[in-house]
Amino acid sequence: MNQALRAQSQSSDGPAYAIPLDQIDVSNPEHFRDNTLWSYFERLRREDPVHFCRDSLFGPYWSVTKFKDIMHVETHPKIFSSEAGLGGITIMDNNAAAQLPMFIAMDPPKHDEQRKIVSPIVGPENLARMESLIRERTSRALDELPVNQTFNWVEKVSINLTTQMLATLFDFPWEDRAKLSYWSDVTTALPGAGLVNSEEERMAELLKCAEYMTRLWNERVNSPPRGDLISMLAHAEGTRNMSPQEFLGNILLLIVGGNDTTRNSMTGGVLALNENPNEYRKLCANPALIASLVPEVVRWQTPLAHMRRTALHDTELGGKLIRKGDKVVMWYVSGNRDSDEIENADHFIIDRAKPRHHLSFGFGIHRCVGNRLAELQLRILWEELLRRWPEPMQLEVVGEPKRVLSPFVKGYESLPVRIRA
Ligand code: HEM
């Protein structure tokens, strides 16, 4: 196994210990692309769990790095706001898409009203209905994979399957479904990182999304209500009169929410099992462990590295005075490695007693609405994978993963793998 595939955690001799504490800037996107973030977070958790960074690509911000402090911020929305107008839910306040009104970036009561409208699509009844469709598609995608040849897992499996899922949720024209993952990527990309070069370019691309979705909306608003997201929004009291900005904002939320996150968990699981062959062997010996593998992969990957809030009042956190208007970043990626809360947090262990005890889906009023759908997709993927290739390391990572340059979406552009027949 090559160097990049070795255990991700570092000890106290990592690069973070070579610089003064107040110069640590965990938001540097390169740390995420190069997978060098771990020692910085470890040092902050130990020495300065609520840490102020004066100067970064994204301006000054507070880092909240311990599990319990993150829970405190999550459960006090009257102090820590998500409102788009104050900066929204990511560290990148200059991202024009993130400034659009959308319910993840709203406080109650409007947030609660809009969340309730779309929640049924990922409720238990609908998930039970979707299970056979997801299995059929997953099986087809796996049956089409090349055997004994190197290929990119991200493209052939993760993007393929999550794009199909999105098309179903939106009842989106099948032949155009690749547009959905493209718009998702455009929404979160850092300008200059390969997809768009400026905020103007980003918004020009996303206006095409707005136009396309408006056409679907106009068709569905005049037809009887159906079970897809667009029809649900078009027929509900709380969303039928949204402004064009709010319409685009909520559409992008629903596209991005279900896309990158699940995609990167599908890839992260393959990587984590290859980095931890003992766990891969355990899984093959007892496929019932898929039930606890799935949440462990979601913890381990932490597909969204952070969520951000803005302080509405002066307040104290971890002995620090946070001022009204300050930007507060909850680093889930760090809370998920906090060994005061999670035993052996730096290890990937697929048979944990409480595997769902993690922060990857957030907590409180904004806790991920789609978490059960994501887990369902991941469970089916692993069931179908092990049915076809039941031996440890039969699905083998054969080269370096290429990671995304972003302090928000923690994921992969590519992962070379090979299936041994
Ligand atoms: C919210 C993560 C899958 C839709 C969130 C939040 C996180 C998250 C961290 C914010 C939580 C907070 O602020 O406390 C993830 C991860 C996923 C995933 C890690 C997969 C492994 C999905 C899927 C969907 C979805 C499949 C849709 C079908 C949403 C929506 C929100 C949300 C709409 C906003 C909820 C609100 O503001 O009330 N997700 N998500 N997510 N997620 Fe997910």
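Visitor: Which element gives the most to the shell around the ligand, and with how many residues?

Guide: That's helix H11, with three residues. Before we go in, keep in mind that this is a predicted model, where local features need pLDDT of at least 70 and side-chain atom pairs count only at pLDDT 80 or more, while totals for chains, interfaces and linings use all residues. Numbering starts from 1 along each chain as its sequence is written, and side-chain values use heavy atoms, with hydrogens and water left out.

Now the shell itself. The ligand is surrounded by 29 residues, where a residue counts as near if one of its heavy atoms lies within 4 Å. His111, Arg115, Arg309, His366 and Cys368 are the closest. By class, the shell has 15 nonpolar, 10 polar and four charged residues; here Ala, Val, Leu, Ile, Met, Phe, Trp, Tyr, Cys and Pro are nonpolar, Asp, Glu, Lys and Arg are charged, and the others, Gly among them, are polar.

Cys368 is the only protein donor of the ligand's iron atom, through SG at 2.3 Å. Donors here are N, O and S atoms within 2.8 Å of the metal (3.2 Å for Na, K and Ca), and with water not among the atoms, sites may look incomplete. Cys368 sits in the loop between helix H14 (332-335) and helix H15 (371-388). Helices are DSSP runs of H or I with at least four residues, strands are runs of E with at least two, and both are numbered from the N terminus.

His366 has a polar side-chain atom 2.7 Å from a ligand oxygen. For Arg309, a side-chain N or O atom is 2.9 Å from an oxygen of the ligand, and for Tyr332 the value is 3.5 Å.

Which elements carry the shell? At least two residues each come from helix H4 (110-118), helix H10 (244-257), H11, strand S5 (306-311) and H15.

S3 and S5 run antiparallel, joined by two bridges, and Ser81 has Thr310 of S5 as its bridge partner. In the loop from S3 to H4 you'll find Pro109, joined to Pro108 by a cis peptide bond with omega of about 5 degrees.

Follow H11 (residues 260-275) instead and you reach another sheet. H11 lies across S9 and S12, at about 85 degrees to S9. Contact means heavy atoms within 4.5 Å, and axes are lines fitted to C-alpha atoms, for helices over the stretch in contact, with angles from 0 to 180 degrees between N-to-C directions. The sheet is open, with three strands in the order S4-S12-S9 and antiparallel pairing. S4 (150-152) and S9 (395-397) are the edge strands, each pairing on one side only. S9 is joined to S12 (residues 416-419) by three bridges, and Glu396 stands opposite Arg418 of S12. Helix H6 (residues 153-170) lies across S4, S9 and S12 as well, running at about 45 degrees to S4.

How values were computed: Two strands pair if DSSP finds at least two bridges between them. A polar contact is a pair of N or O atoms within 3.5 Å; within protein, one must be able to donate a hydrogen and the other to accept it, and residues adjacent in sequence count only if both atoms are side-chain atoms.
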